Amino acid sequence: MIDYDVFRQFGAAISHLGERAQKVELDDTQRVARAKAVMLAKIDRGMALDLEACVKCGYCAEACHFHVATNDPKYVPTRKLDLLRRVYGREVSPLRFVRRLFEREISADELREWQELVYDACTECGRCSYACPMGINIARGVNVMREALAAAGLVPDELLAVEQEQEQRGSVFGVGARELQAAVAQLRAAGHDVPLDKPKADVLVLTTVIDILLFRDALAATVKLMNHLKLDWTLRSGGFEAANFGLLSGVEDEQRKATRNIVNEAIAIGAKTVIVPECGHSYPALRWEGAAMAGRALPFEVLAISEFIGREVKAGRLKLKNAGDRKLTYHDACKLGRHGGVLDEPRAALRALGVDFRETDPKAEMNWCCGGGAGVFLLNRAAGLRSKAFEIKKAQIDATGAEAVVMSCGSCRLNFMNGQAATHWPVKIESLVELVGDNLAG
Amino acid sequence: MLRGMELLELARGPLLTGSLTVFFAGLLWRFWSIWRLGARAPLAAPRSRASGFSTVFTRMLPRRGFHASATLATVNPYLYHLGLAVVAFGYAPHIAFVERLIGAGWPALPDWAVYLAAGVTIVSLCIALLYRLTDPVLRLISGAGDYFAWVVTMLPLATGMALVTGDAASDPVRLAVHLLSLELLLVWFPFGKLMHAFLVFPARAQLGRFFARRGVRA
């Protein structure tokens with residue numbers, strides 16, 4: 001049961017988040033130099049191919065929820081890479097000596113202009129890559145642009161505040177080890193057996209600030225599930241936070257630090273599996289980028305909780321009760337689905353629940369983003385843009401006729417709840433792990 | 001001042017050799033310039049061992065699920081790409097020209113089919129230019145290179161069409177101009193966006209591999 005007072009408090013806290021940011025003061029020359037240094041360091045063979053291959057067909061515009069929702073040409077995805085393309089053209093490309101004569105240097109004003117394009121107006125959902133006839137990975141380029149802007153001291157204040165808190169205090173939204181322990185105490189008082197800080201365990205379960213503060217039922221459902229399956233598992237107060245604001249803000253040092261914290265914790269307890277909670281970006285942060293951040297292959301497997309559930313269901317180890325003839329649809333969080341590969345498993349779980357499952361159109365890897373990913377749901381000035389983009393998602397869900405939309409990402413869930421509150425949308429918003437936790441059989 | 005035959009000899013001889021040299025050397029140089037940058041092998045364990053190479057072919061067709069675009073905007077690029085291929089590789093004089101250079105040829109398409117393809121291609125390229133000039137998205141993202149690529153693509157078509165009208169055989173200048181326009185295309189090809197004709201394969205394969213590792217259909 002969501003405490004809507006906490007939800008409102010959370011919203012109020014977000015609206016003042018930026019005030020806590022310690023702004024980085026740099027002159028314009030330093031900003032440009034730092035941004036360029038990051039861009040040049042990140043341009044490898046793959047990036048060069050992406051930057052060279054664009055034929056400016058504009059097809060990516062039709063894939064982007066921000067462009068489709070506003071019809072504003074400035075949001076066309078490939079344009080978000082223009083500064084990167086210019087730095088590549090002038091400094092790296094084979095024709096750099098000629099291109100320097102015709103293409104101007106990037107400027108600090110342009111970096112400031114691009115802040116809106118790559119933070120507010122891009123969730124790095126990767127849908128544009130599906131429309132691109134050349135196969136360009138635009139989201140990857142946008143992530144490099146975020147890193148360049150971060151180096152130039154141009155991270156939006158809200159993201160900067162959370163990134164700085166995670167870097168300096170190891171907590172997110174004030175949630176650290178003590179708050180986790182308090183949440184565990186509450187779960188224990190409710191009758192759940194929560195193995196906290198076991199020195200050795202096969203499975204390290206991560207959680208996240210949103211689950212501790214707001215979606216406590218998702219954490220409770222995870223605990224029920226782990227115990228139901230009789231796993232040797234633990235939560236660790238020294239390394240429980242799955243969210244990685246280094247990745248979202250573009251501060252790679254912090255991304256590395258947050259990842260290594262989890263990796264070291266998992267190695268210390270001898271974990272064979274690390275389970276990531278319902279937090280979209282946390283999954284690719286650890287599953288797909290964790291090894292690069294740790295500097296070596298990870299000695300454990302990383303599973304999203306929805307992936308884990310689906311795998312157990314498919315293997316017959318997890319039986320679920322029939323959840324009734326409810327009409328449900330599923331929203332694929334972009335970071336889990338299109339950029340994570342967790343597409344079939346959540347569907348296997350929903351089908352095992354015996355509900356009237358209805359796919360959206362388009363579905364799975366082609367699904368629309370909700371507009372709140374990659375930290376966009378935290379940006380106050382992006383609220384208008386975000387709600388326009390959410391209209392696409394809402395219409396897509398409405399077309400299924402479902403009474404509830406299930407998802408496995410806390411950020412998406414918050415974004416859906418915001419959209420629901422603003423429009424009195426009657427469709428229920430549910431968490432996959434909670435649905436499964438409520439329907440464990442046997 | 002060069003006379004017609006002298007201009008034709010120049011276009012057929014040293015200028016053709018030079019432009020072909022620039023074309024092939026430029027292709028290698030452009031690929032090498034990208035390749036030399038190196039790439040770090042991904043460390044994350046792949047979900048799938050599939051290569052994702054099929055993306056090279058599947059991207060030839062528009063994907064279902066995107067916001068409906070104007071039918072013409074989707075169909076038009078097929079028209080000029082296929083039309084260019086038919087004109088460049090299906091026309092008997094072009095095949096004879098290549099045969100003289102490399103000693104190998106292939107059966108030609110009937111002239112009427114090639115003329116039809118050329119006409120369709122010219123109209124289609126004009127429509128593409130119209131889109132680029134009038135569509136707000138395309139106008140915003142287009143640069144001089146995009147328009148220059150259009151010009152160097154259109155010139156051989158236009159000068160080629162000029163050859164099939166009237167008594168072209170008695171006018172070596174027209175043939176020379178056609179060859180010169182082809183040579184301009186060859187010289188520019190490796191350095192501008194026309195290079196996408198080659199870059200498309202590694203670019204698509206790269207994205208296919210990226211998604212395949214993650215177990216996602218690309």
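Predicted model: local features only at pLDDT ≥ 70, side-chain atom pairs only at ≥ 80, totals over all residues.
Residues are numbered from 1 along each chain as its sequence is written, and chains are lettered from A and ligands numbered from 1 in the order in which they are written. Local features need pLDDT of at least 70 and side-chain atom pairs count only at pLDDT 80 or more, while totals for chains, interfaces and linings use all residues.

Me: How many helices and strands has chain A?
Reply: Helices (H or I, at least four residues) and strands (E, at least two) are DSSP runs, numbered from the N terminus. Chain A has eight strands, and its helices number 22.

Me: What radius of gyration has chain A?
Reply: The radius is taken over C-alpha atoms, and the globule rule is 2.2 Å times the number of residues to the power 0.38. For 442 residues, a compact globule would come near 22 Å. Chain A agrees, with 22 Å.

Me: Which residues of α11(A) are buried?
Reply: A residue is buried if 20 or more other C-beta atoms lie within 10 Å of its own, exposed if 12 or fewer, and partly exposed in between; C-beta atoms are placed from the backbone. The face turned away from the buried side carries the exposed R178(A), A182(A), A185(A) and A189(A). The buried residues of α11(A) are L180(A), A183(A) and V184(A).

Me: Why do the buried residues of α11(A) line one face of the helix?
Reply: An α-helix has 3.6 residues a turn, so residues three or four places apart point the same way. In α11(A), L180(A), A183(A) and V184(A) are buried. Seen down the axis, they line one face because their directions, taken from the helix axis to the C-beta atoms, fall within an arc of 100°.

Me: Which residue is the bridge partner of V203(A)?
Reply: Strand β1 (residues 203-205) of chain A pairs with β2(A) in the parallel sense over two bridges. The partner of V203(A) lies in β2(A) and is W233(A).

Me: How many other C-beta atoms lie within 10 Å of P46(B)?
Reply: P46(B) is found in the loop between α2 (14-35) and α3 (55-58) of chain B. P46(B) is partly exposed, because the number of other C-beta atoms within 10 Å is 14.

Note on methods
Pairing = 2+ DSSP bridges.
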